[in-house]
Amino acid sequence: MSKFSTDDFIMEKIDIDNPEDRMVFGAPKQQERFQPDSGRIIFIGMPGSGRLELAERVAKRLGMRMLAPESIASVAELETLCAKPGVVLVVPCDALRNEPVRAALRDNGKVFYLMAEVLRMAHRLNQTSEPEREAISALFVEMEPLCMMTLHFILQAWKEPEEIVDNVLEMLGLPA
């Protein structure tokens, strides 16, 4: 028997309703191209994730306006911020605790979650003592599921900033 044999693989037979049916997968649907002058990009994440710097870079690259309010307490406030198209919005972390705001984010633009690990956030915030890292960890545990429920796209904060910008453009169907 060969060292790389498939003899020990699990080979279960499954009864199917229509053995003559075939499933065909076609080419993926072409993503609708994002229009910077009429669209909105929304960045969510935790403090220290780098979303503000990313938003600045994306806004500059696409010729869009950037907004970074200190709070968004209601859907009405969010809709006021999103009243004009061509906006890159950085959402304060606390706003994601509000379920109607989270739902409205998805309706008001393309939502990108910039996911960063706790140590990176602590370093960027200059909060590296054990109690400070524990506080950041507690926030991460609370907010990570809320970010995951809200996003359209996820980005990795460990990448170089320009690489993340290129990822955003690719996800929007734009040339990098």
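**Helix H3**

I started with H3, which covers residues 99–108, and found Val101, Arg102, Ala104, Leu105 and Asn108 buried. Seen down the axis of H3, these buried residues fall within an arc of 165°, so they line one face of the helix. The arc is taken from the directions that run from the helix axis to the C-beta atoms. For the record, buried means under 20% relative accessible area, exposed means over 50%, and partly exposed is in between (1.4 Å probe, protein chains only). Helices (H or I, at least four residues) and strands (E, at least two) are DSSP runs, numbered from the N terminus.

What do the buried residues of H3 pack against? I found strand E1 (40–44), helix H2 (75–81), strand E4 (110–115) and helix H5 (130–150). Contact here means heavy atoms within 4.5 Å.

**What I am looking at**

This is a predicted model, where local features need pLDDT of at least 70 and side-chain atom pairs count only at pLDDT 80 or more, while totals for chains, interfaces and linings use all residues. Residues are numbered from 1 along each chain as its sequence is written, and side-chain values use heavy atoms, with hydrogens and water left out.

**The whole chain**

I noted 6 helices and 5 strands in the protein chain. Read from the N terminus, the order is β-α-β-α-β-α-β-α-α-β-α. The chain has 176 residues, and 36% of them count as buried. I also looked at contacts with a separation of 6 or more: residues 24 or more positions apart account for 69% of them.

**Salt bridges**

Side chains of opposite charge can pair when their charged atoms come close. I counted a salt bridge when a side-chain nitrogen of Lys or Arg is within 4 Å of a carboxyl oxygen of Asp or Glu. How many salt bridges does a search of the whole structure find? It finds 8.

I picked out arginine 57 and glutamate 53, whose closest N and O atoms are 3.1 Å apart. They sit 4 residues apart in helix H1 (residues 51–62), so about one helical turn separates them. Arginine 57 is partly exposed at 29% relative accessible area, and glutamate 53 is partly exposed at 34%.

Next I checked glutamate 117 and arginine 120, which form a salt bridge at 2.7 Å, N to O. Glutamate 117 is partly exposed at 35% relative accessibility, and arginine 120 is partly exposed at 26%.

Then came glutamate 130 and arginine 133, with a salt bridge of 2.4 Å, N to O. Both lie in helix H5, 3 residues apart, about one turn of the helix. An α-helix has 3.6 residues a turn, so residues three or four places apart point the same way. Glutamate 130 comes out partly exposed at 43%, and arginine 133 partly exposed at 26%. I also found a network: salt bridges that share partners join Glu53, Arg57, Arg61, Glu162 and Asp166.

**Helices that cross**

Two packed helices are described by the angle between their axes and the distance between the axes. Axes are lines fitted to C-alpha atoms, for helices over the stretch in contact, and angles run from 0 to 180 degrees between N-to-C directions.

The axes of H1 and helix H6 (residues 161–171) come within 10 Å and cross at roughly 60°. That makes H1 oblique to H6, since angles under 35 degrees count as roughly parallel, over 145 as roughly antiparallel, 65 to 115 as roughly perpendicular and the rest as oblique. Residues that meet there include Leu54 and Val58 in H1, and Ile164 and Val165 in H6.

I looked at H3 and H5 too: they pack at an angle of about 35°, with axes 9 Å apart. Arg102, Leu105 and Arg106 in H3 meet Leu146, Met149 and Thr150 in H5.

**Two single residues**

Is asparagine 167 buried or exposed? Asparagine 167 lies in helix H6 and counts as buried at 16% relative accessibility. Not counting residues up to four places away in sequence, asparagine 167 touches Leu155 and Lys159.

My last stop was alanine 68, in the loop between strand E2 (65–67) and H2. Alanine 68 is partly exposed at 43% relative accessibility. Leaving aside neighbours within four places in sequence, alanine 68 is in contact with Leu52 and Val90.
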